[in-house]
Amino acid sequence: MFHEYKIRIGGYEYPYYLSYNTEILIGKLRALGVCSVFIVYDNSINKDYITSLKNLLMGEIKCESVGISVGEHNKNIDKVREISEYLLECGIDRKSCIVALGGGVLGNIVGLVAGLLFRGIRLVHIPTTVMAATDSVLSLKQAVNTKFGKNLLGMFYKPEMVFTDYSCFKSLSKRDYNAGLVELIKNLVSVIPEHIDEVYGILNDRVEYTFEEFNLFLDLSIRAKCGLLINDMYEKKDGLVFEYGHTVGHAVEFLSRGEIRHGEGVAFGLMVESEISRELGYLKEEEVDIHYKLINKIGIIDQLTRINTYSEEEIWNVMKYDNKRGYCEENEGTVPMVLLKSLGECYVENGSYVKLVQEDIFKISVNRVFNRISDFT
Ligand SMILES: NC(=O)c1ccc[n+]([C@@H]2O[C@H](COP(=O)([O-])OP(=O)(O)OC[C@H]3O[C@@H](n4cnc5c(N)ncnc54)[C@H](O)[C@@H]3O)[C@@H](O)[C@H]2O)c1
Ligand SMILES: [Zn+2]
């Protein structure tokens with residue numbers, strides 16, 4: 001039981017397989033001409049899973065592996081260097097293939113390692129979180145954080161293939177599973193609103209999804225992302241819509257040093273940025289409500305209340321270093337954000353996909369979100 005997609009981003013193309021188990025993995029690696037792999041995996045993944053995957057590969061393909069402990073707090077250039085030097089010590093060469101087995105954090109770090117080692121060696125992603133499987137591997141962006149903010153150091157780098165083993169999600173915590181669905185919610189409100197009702201009917205707070213329902217989530221994510229990224233691989237124009245919810249989201253995720261999950265930060269960011277879009281007269285009240293309804297359906301609102309330990313000033317000060325700076329002429333006292341004009345339509349002004357938002361509008365919107373969140377809990 002598997003599904004196959006062709007991911008097209010800019011002029012690049014790579015296959016994506018969603019399988020119920022790992023049976024077809026060897027065949028797909030062989031089809032790429034891979035005869036030795038270096039697996040870098042996230043230590044949090046179930047040990048039995050790692051052992052059985054290594055056993056499966058080792059019978060057929062030369063294989064080295066290393067487990068690393070990663071988190072948002074060490075998604076940095078030191079980790080990139082540490083892994084690169086370990087792989088060099090193990091004998092990696094320019095013909096080797098790196099397999100990144102883990103969530104979005106590991107995928108971003110190892111993606112950067114693959115792009116830098118020998119100025120680029122082959123990379124295969126085996127995403128093990130819903131976030132990575134439905135979002136981060138559908139982009140060429142590989143980046144790590146600096147002390148100033150998230151994803152400020154990175155590059156665009158293409159994988160040879162993505163292979164998602166659905167059974168791997170069994171060990172994911174409910175919290176991480178749900179946080180992973182937030183990017184799908186973002187895609188629904190910002191790119192494919194015609195699918196909101198269909199997905200709303202399936203979303204639940206119990207993490208009960210069939211393989212085919214998950215495949216629908218993946219299919220929609222691919223349609224939303226590739227539909228725009230095919231003509232905007234650097235995510236500078238239409239593709240910037242995928243940053244909706246991320247200016248605020250990245251700031252709270254960064255402030256919490258990963259305690260608030262990426263998806264949770266983005267969920268909060270979607271609420272705040274939808275309120276800002278309404279405050280500026282773009283989104284209608286009922287369109288903002290749809291954001292809350294979708295996020296509430298996956299039952300993560302109570303996780304978002306913890307964000308209220310950060311003041312508006314603290315969040316604002318981190319947002320000043322957001323990686324969308326430079327997309328438009330800057331103005332003292334403002335931060336550029338991606339906003340919506342209506343569901344499925346990004347706000348574009350004089351050819352610019354970002355809007356400078358004033359601090360007072362941000363503060364009003366954050367407070368509105370905190371008030372509305374407390375009504376849900
Ligand atoms: N490049 C992009 O375009 C892009 C897009 C979206 C997100 N991201 C990045 O991805 C990161 C978030 O990704 P994430 O949500 O996958 O976080 P993550 O990688 O931190 O994984 C979440 C948690 O699940 C654990 N884990 C991973 N796989 C597991 C499994 N199968 N079973 C049990 N536990 C498992 C991890 O150790 C971690 O504790 C952020 O750093 C974000 O910036 C990048
Ligand atoms: Zn994201």
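The shell around ligand 1 comprises 25 residues, of which Asp42, Glu72, Thr128, Thr129 and Ser171 come nearest to the ligand. Two elements of secondary structure, α4 (104-116) and β8 (149-156), each contribute at least two residues to the shell, and the largest share, amounting to 3 residues, is provided by α4. At the level of domains, both domain 1 (2-171) and domain 2 (174-376) are represented around ligand 1, each with at least three residues.

Several polar contacts are found between the protein and ligand 1. Thr128, which is among the residues that come nearest, places a polar side-chain atom 2.7 Å from a nitrogen atom of the ligand, while an N or O atom in the side chain of Lys150 lies 2.8 Å from an oxygen atom of ligand 1. The backbone takes part as well, in that a polar backbone atom of Cys168 is 3.2 Å from a nitrogen atom of ligand 1.

A separate point concerns residues 97-118, to which an unreviewed UniProt entry assigns the annotation "transmembrane region". In the predicted model, this stretch of the chain is 59% helix and 27% strand, and the C-alpha atoms at its ends are 12 Å apart.

Terms used. Residues are numbered from 1 along each chain as its sequence is written. Chains are lettered from A and ligands numbered from 1 in the order in which they are written. This is a predicted model: local features need pLDDT of at least 70, side-chain atom pairs count only at pLDDT 80 or more; totals for chains, interfaces and linings use all residues. Side-chain values use heavy atoms; hydrogens and water are left out. A residue is near a molecule or strand if one of its heavy atoms lies within 4 Å of it. A polar contact is a pair of N or O atoms within 3.5 Å; within protein, one must be able to donate a hydrogen and the other to accept it, and residues adjacent in sequence count only if both atoms are side-chain atoms. Helices (H or I, at least four residues) and strands (E, at least two) are DSSP runs, numbered from the N terminus. Domain bounds come from an automatic or database domain assignment. UniProt positions are given in the numbering used here, feature names are shortened, and annotations may be inferred rather than shown by experiment.
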